[in-house]
Amino acid sequence: MSEEIREDIKIIEEHTGTEYKWGFVTEIDTDEFPKGLNEDIIRQLSEIKKEPEWMTEWRLKAYRHWLTMEEPNWAKVEHEKVDYQDIKYYAAPKKKPELESLDEVDPELLATFEKLGIPLEEQKRLSGVAVDAVFDSVSVATTFKETLAEKGIIFCSISEAIRNHPELVKKYLGSVVPQTDNYYAALNSAVFSDGSFVYIPKGVRCPMELSTYFRINAMDTGQFERTLIVADDNSYVSYLEGCTAPMRDTNQLHAAVVELVALENSEIKYSTVQNWFPGDKQGKGGIYNFVTKRGICKGNNSKISWTQVETGSAVTWKYPSCILQGDNSVGEFYSVAVTNNYQQADTGTKMIHLGKNTKSTIISKGISAGKSNNSYRGLVKVGKNAKNARNFSQCDSMLMGNNCGAHTFPYLEIDNNTAQVEHEATTSKVGEDQIFYLNQRGISTEDAVNMIVNGFCKEVFNELPMEFAVEAQKLLAISLEGSVG
Amino acid sequence: MSNSNIKKWYSDNFRQFEKLVESDSFNSLRKEALSKFELTEFPTKKDEEWKYTSISPILKHEFVPSPLSKKETSTISSIESFKIPNLDVHLLVFINGIYSKEFSNIGNLEEGIIIDSLFNQLKSNSDFINQYLSKKETIENSFSLLNTTFAYDGYVIYIPKNKIVNKPIHVLNIAADELSKPLIQPRNLIIAEQNSQAEIISEYVGKDKVENFTNIYTEISVDENANVRFYKVQNESDAAFHIDKTEIVQKDSSVFNHFSLSFGSKIARNDFNTKLDGENIELHLYGLYLGNDDQHIDHHTFIDHAKPNCESNELYKGILDDKAKGVFSGKILVNKIAQKTNAFQSNKSVLLSDEASIDAKPQLEIYADDVKCSHGATVGKLDEQAYFYIRSRGVPAEAARSMLIRAFVDDVISEINIEEFREKINHTIFEHLHREEF
């Protein structure tokens, strides 16, 4: 074995050895349901949340349908079967009354955010980001509400929205991801505990990036977030979602649903940094992340853009999609997915072209290291009436070491001859010559690899809002930096 | 007709069929296949591999295994029109899947080389044949099991070590039965031993309106340093159904060129599975499909890079008009140990009409890090600028369109290195593009 290779192996071990930095448990009282799921649990949940009757019925309908469904198994992931009766479907921080200011928030909670590097106050003052922090399942602090309210923007927890804006919720909830859509979406519809709701009125450009931090905390609590964003005519909103979770031994389930509705001339930009606990080096523990994210460009000239950086979770099953219904609407998907150790990711997008002159762009970068498997799975569908549809897809994969896998499963279904569809995919490793070049310039192998990988992902990072881009690069560095031979 | 009824139909036919073949050595495998066939369901659109192709039209008919159909319906007066003009070949002719001694013309062969029908070989050389037949690892489905159940005839090409076949081998399969609906099931075997070389043209044609179901199973072994070029032409009648499963295994340093040129049939489904079971192998897969009317043309290719240092190259091009539908699914698997693999795949389709459609699924599954793999797929219509340019030079609309199409397929056609054969394919493309609407 040459000197170089030995050196590289050392670096791989050093870095794949990085323990999850943000694994700690905050001790805080939560009021929890017993384990298990049945109609009573759902009714109880609905009652706790003071939901109207129609909402309870909506949940029950989803639950009844869920019972008839089977867990999908087509994704290229393997995991232990989830025992849905072994999950507590509700856990909320005990201090329940809604809070007006940060002073009322449990100090221990605030300390947790500080450890995560996102102190609310700091965030509030410095970055001008309104943070709707979701700790476990219930919103405990909402900031900048007033500024937003002036513009008529509604940014609140979905439970609040159900109570205060039932007409909007009724109209849009489940309109993009129906209760019956898939196994996990049905489950989410039945038991979602909380999430965010955003409504941007006609002609309003949201003055700040909206953001939520999710965090799983209570032991064995599945998280079922529900997010609904509606952008009315001629509006614009950029929404940020990011998450870290403490270390756990038993697998935790995360089945979120995100729905976006973009009306005429509006634009929604949705960015995610996902860093749930990925399991330890032996593949023990970690979050199961089975998420349904879908947006519809309902109006003409509307645009939806998904950007995601996926570094966490033991198993990821996630396909943020766009239904391009309005004429001239645009869908975008930018993704970096990193897997290490025993992580498995099956992620990608669906672009459904229905309107005329619709455009979609897919840029996906997959990086696999350790013994992980990373798959891109996507669909580009051009309907019969989607004249002049245009799609460009590029899916690049990078492998580090020969115990991991990188896969690409694109589906193209084209029913219109005016469509122009291109798909490209490449798989490669970090070039030895590239590393050599940088080494020769006095840059250590570790930094060189970091640089190259960052360059590989640049196209996607460029799409992220500034403060997220920084966090994303940090995450990438922690997950991977240097793990190349 | 329901799925189970049609299965029963074939099982019942086997009883009669068995009387014909009872004595031969392959019969135990036939019976084994039959029992598996009876337990296997025909694939439906729910199966991932058959997601885009519905075979229910095939199951609606009761096809008669061709060895059982009456002799007098299987006549044909001349095969001249099917030959490749001006090309000297070893000619093997099968009428409705049965070897025709009358029309075949096999020239002088070097000692050891076998070019013959499976039927003859099973009679005269069964020990040898049984070493190779049905020995490849594969995932069986109802169609391959059906083929094995009724395995009767087909071609056998065996080229021993260090031998080169002096001229191209042309296998003509003609579906000519206009009275009954024949089930034609060629069972083919090609073995190219070390350092051997051959060029094979395997052609499936049909007389107009013959409603046949051709269900092919071909096994190809390309051993160390062997070089084989294999051209498959499918130009059956528009009423025909065509299913082809080809299993290929390549050994060290071999070179294999595979062409699939698909023009005919109502539903055509091709499965080409290649295992690169050695190092320094070179594989080229070329495909061309032209669909008109309501034709459905499906190609599934699978390349298994099992060992290091191999290269595969795949180029499939399609032109779809009217309501034709194309399907392309190409999968490249790179094993953990298959370092230094180069695998490239490209699928390009042109849709000529509003109602034509294509479903493409180019897939990569990669477990080794030091590889270069890529795939690309494009779908679009003919380049309007180029069309305008040609038209502005005074070229009539129809000719301009033909020119552009011919140019689009050129990178596949130009890889055909037998000039006379290339001419014939050019001619077939031309005919296909100038059907009644012009």
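I worked on a predicted model, in which local features need pLDDT of at least 70 and side-chain atom pairs count only at pLDDT 80 or more, while totals for chains, interfaces and linings use all residues. Residues are numbered from 1 along each chain as its sequence is written, and chains are lettered from A and ligands numbered from 1 in the order in which they are written.

**Entry 1: domains of chain B.** I looked up the domain assignment, whose bounds come from an automatic or database source. For chain B it gives domain 1 (3–277) and domain 2 (382–438). I noted 31 Å between the C-alpha centres of domain 1 and domain 2 of chain B. I then listed contacts (C-beta atoms, placed from the backbone, within 7 Å). In chain B, 12 residues of domain 1 are in contact with eight residues of domain 2. On the domain 1 side, the elements giving two or more residues are β9 (197–206), β11 (227–235) and β13 (255–262) of chain B. Strands here are DSSP runs of E, at least two residues, and helices are runs of H or I, at least four, both numbered from the N terminus. I sorted that side of domain 1 into nine nonpolar, two polar and one charged residue. Nonpolar covers Ala, Val, Leu, Ile, Met, Phe, Trp, Tyr, Cys and Pro; charged covers Asp, Glu, Lys and Arg; the others, Gly among them, are polar.

**Entry 2: chain B against chain A.** I found 32 residues of chain B and 29 residues of chain A in the contact. On the chain B side, β20 (357–366) and β21 (372–380) each supply at least two residues. The largest share, 10 residues, comes from β20(B). The chain B side divides into 14 nonpolar, nine polar and nine charged residues. I also checked strand pairing (at least two DSSP bridges between the strands). Strand β24 (residues 420–429) of chain A pairs with β21(B) in the antiparallel sense over seven bridges. One of the partners I looked up is B:Ala377 in β21(B), bridged to A:His423.

**Entry 3: helix α2 of chain B.** I asked which residues of α2(B) are buried (20 or more other C-beta atoms within 10 Å of their own, C-beta atoms being placed from the backbone; exposed is 12 or fewer, partly exposed in between). They are B:Ala33, B:Leu34 and B:Phe37. Seen down the axis of α2(B), they fall within an arc of 105°, so they line one face of the helix. The arc is taken over the directions from the helix axis to the C-beta atoms. On the other side of α2(B), I found B:Ser28, B:Ser35 and B:Leu39 exposed. The cover over the buried residues of α2(B) includes α1 (3–21) and α6 (142–149) of chain B.

Methods:
Contact = placed C-beta atoms within 7 Å.
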